[in-house]
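This briefing is meant for a reader who is meeting the structure for the first time.

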Amino acid sequence: MIFQSCSARDALNQPGIRTLVLLVTFVFLYVIYGSLYFYRDPLSIFFSEEHGFDRFYSATRQAEADEFFDAALADPDAARQQLGMAGTHPEICAVFITVGRDMDGRQYIDSAVGSFLANMSRAERETTHLKIFFADVPDPETQHKSYAKLVDAGITDEIFTYPSTLPAQNKDRKVKELMGFARDKQNKHALERKTVYDYGYALDRCVKTTDAPYIALLEGDIILADGWAARTLMNLRTIEMMMQHPRRHDPQRGQVGPGVSNTWLYLRLFNQERSFGWSGGTGFRSNNIHIISVAVSVPLFLVLLLVRRQLPRHYSRHLDKWTILVVCGIAVPLYVWLFYASGKASLIGSPPGVREEFFGCCNQALVYNRAHAGALAEYMMRASGNVSPGRSDMLPKKFAWDHGLARVSAYPMLAQHSGRVSAIDTSNDEAKRVWSMAFEDLRPYKLAKTHFKDVQALFGDDAAEQMKRQWPLGQNEIRIPSE
């Protein structure tokens with residue numbers, strides 16, 4: 001026992017062994033930290049399948065949305081009286097695209113509409129024209145469980161369907177064609193033709209029936225954050241100012257880099273962390289980790305050798321060759337790998353602000369520039385005639401590239417995808433992975449405060465004060481923190 005104790009003591013007296021012990025201790029503590037704080041990042045080695053999609057803010061917001069929606073259905077007149085309806089010249093025409101889903105309980109569109117309107121000021125409502133597009137064919141009245149109650153509630157500015165809006169001369173033919181696309185759930189391209197046409201048709205409806213300069217296309221299985229409308233209007237103002245920079249020029253095909261084009265196609269309200277992680281995965285040779293490690297280790301090795309020669313002997317003995325080997329040969333590659341493997345979203349995240357981004361997933365919530373919306377709608381409806389039209393979230397990106405249009409994202413994201421039962425061929429497991437980790441980190445108190453300030457900035461003090469007394473129905477007033 002004494003021999004073993006002396007051997008351990010002697011080993012710890014070796015600088016290289018001490019350095020290795022410190023490294024192992026650091027990695028152990030880092031793994032604990034990563035497991036506690038990085039488990040929701042889908043591109044992190046610490047991601048947890050069990051808890052990675054836990055709901056935090058979205059659960060709170062959905063509770064608000066559902067409570068508002070139920071109160072509005074119980075007393076639609078009171079809802080219309082307090083919120084009002086869109087004015088004759090709205091700033092945003094927003095349309096939800098929804099189809100009935102085979103699920104128990106509340107349909108996703110109920111919560112989506114509730115989150116759209118809950119806590120909204122009258123001034124915001126006046127500037128936001130709300131449509132719901134029930135895209136079921138041939139009979140949305142019987143195919144969608146929420147159709148009748150939303151029509152009866154009268155809290156939207158328009159509810160439309162294919163049968164109610166298609167031109168009479170080709171209505172039957174088009175409905176029959178769309179029914180054929182929707183019927184075969186296993187035919188990926190047929191479903192794409194239906195969803196692409198739905199998207200273009202909804203966009204075209206806003207263009208033809210309103211003069212709103214911005215058109216928001218929203219899928220029916222999202223949750224919108226408190227204050228989304230005012231914050232979006234503020235972000236749109238920022239975009240218009242960005243586009244006026246003198247260095248920008250008229251759009252040219254393929255020139256879509258930041259700061260190039262003087263016009264834009266869409267503003268993204270939803271994104272997922274899978275879309276802006278490190279591109280190479282978590283392997284040691286991915287993201288050029290091995291090259292970066294060598295590039296860091298070699299200069300550091302030379303620096304440590306030089307430092308060792310300059311130090312007095314009683315100091316330099318702590319920096320022996322084994323210590324340098326552990327630092328440069330083990331610690332540096334391990335730290336570089338951990339940096340990438342921990343996940344970009346976890347370590348860096350997305351700072352608040354409005355900026356051009358060419359990447360991003362999905363079309364859960366996009367706000368389009370009216371100047372290009374009509375052409376995009378025609379482009380998508382025409383594409384649906386192809387056997388393989390492409391996906392409805394990829395075609396706008398291709399359109400932007402072909403026309404040299406900027407694509408913009410605003411952080412923090414204001415929408416969350418809440419759908420778990422897919423309306424198309426996407427598996428339910430994949431549907432849940434279309435998810436914003438950052439949305440769940442939003443704080444109701446901060447959102448309420450920002451909402452109040454945005455309404456003040458956009459519409460004045462009277463509108464902001466009125467918002468305090470307004471929503472939700474039958475509950476306490478919205479609590480806005482005092483300055």
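Two strands are said to pair if DSSP finds at least two bridges between them. With that in mind, this predicted model holds an open sheet of 8 strands in the order β3-β2-β1-β4-β8-β6-β9-β7, with mixed pairing. The secondary structure of the protein chain as a whole comes to 21 helices and 10 strands.

**The chain as a whole**

- The C-alpha trace of the protein chain spans about 95 × 55 × 55 Å along its principal axes, and 50% of its 483 residues count as buried.
- When contacts between residues at least 6 apart in sequence are considered, 80% of them join residues that are at least 24 apart.

- Strands β1 (residues 92-98) and β4 (residues 214-219) run parallel and are joined by 6 bridges; Cys93, for instance, has Ile215 in β4 as its bridge partner.
- Strand β6 pairs with β9 in the parallel sense over 4 bridges, and here the bridge partner of Leu267 is Val408 in β9.
- Towards β8, by contrast, β6 runs antiparallel, with 3 bridges between the two strands, and Tyr266 has Tyr368 in β8 as its bridge partner.
- Strand β6 is mostly covered, since 5 of its 5 residues are buried.

- Helix α12 lies across β1, β2, β4, β6, β7, β8 (365-369) and β9 (406-411), and it runs at about 145° to β6.
- The axes of α12 and helix α20 (residues 444-459) come within 9 Å and cross at roughly 55°; the two helices are therefore oblique to each other, and their crossing is left-handed.
- Among the residues that make this contact are Ala230, Leu233 and Arg237 of α12, together with His451, Val455 and Phe459 of α20.
- The axes of helix α17 (residues 370-383) and helix α18 (residues 395-403) come within 11 Å and cross at roughly 125°, which makes α17 oblique to α18.
- In this second pair the crossing is right-handed, and the residues in contact include His372, Leu376 and Tyr379 of α17 as well as Leu395, Phe399 and Asp402 of α18.

**Nonpolar cores**

- The largest nonpolar core has 64 residues, and those with the most contacts inside it are Phe96 and Phe116.
- Helix α12 (residues 228-243) gives the most to this core, contributing 9 residues.
- Leaving aside neighbours within four places in sequence, Phe116 is in contact with Ala94, Phe96, Thr128, Leu130, Leu218, Leu224 and Trp228.
- A second, separate core has 37 residues, including Tyr162, Val175, Tyr266 and Leu405.

**Two residues in loops**

- Thr263 has its place in the loop between α12 and β6 (264-268). Is Thr263 buried or exposed? Its relative accessibility is 13%, and because buried means under 20%, Thr263 counts as buried.
- Apart from residues up to four places away in sequence, Thr263 touches Met243, Pro251, Asn369, His372, Leu405 and Ala406.
- Gln272 is found in the loop between β6 and α13 (289-310), and with a relative accessible area of 5% Gln272 is buried as well.
- Where sequence neighbours up to four places away are not counted, Gln272 touches Cys361, Cys362, Arg433, Val434 and Trp435.
- Gln272 and Pro42 are 230 residues apart in sequence, while in space they are 9.4 Å apart from C-alpha to C-alpha.

Notes: Residues numbered from 1 in each chain as written. Predicted model: local features only at pLDDT ≥ 70, side-chain atom pairs only at ≥ 80, totals over all residues. Heavy atoms only, no water. Core = buried A, V, L, I, M, F, W, Y, C linked by side-chain atoms within 4.5 Å. Buried < 20%, exposed > 50% of the residue type's maximum accessible area, 1.4 Å probe, protein only. Contact = heavy atoms within 4.5 Å. Axes fitted to C-alpha atoms, helices over the stretch in contact; angles between N-to-C directions. Parallel < 35°, antiparallel > 145°, perpendicular 65-115°, else oblique. Left-handed = near helix turned anticlockwise from the far one by under 90°.
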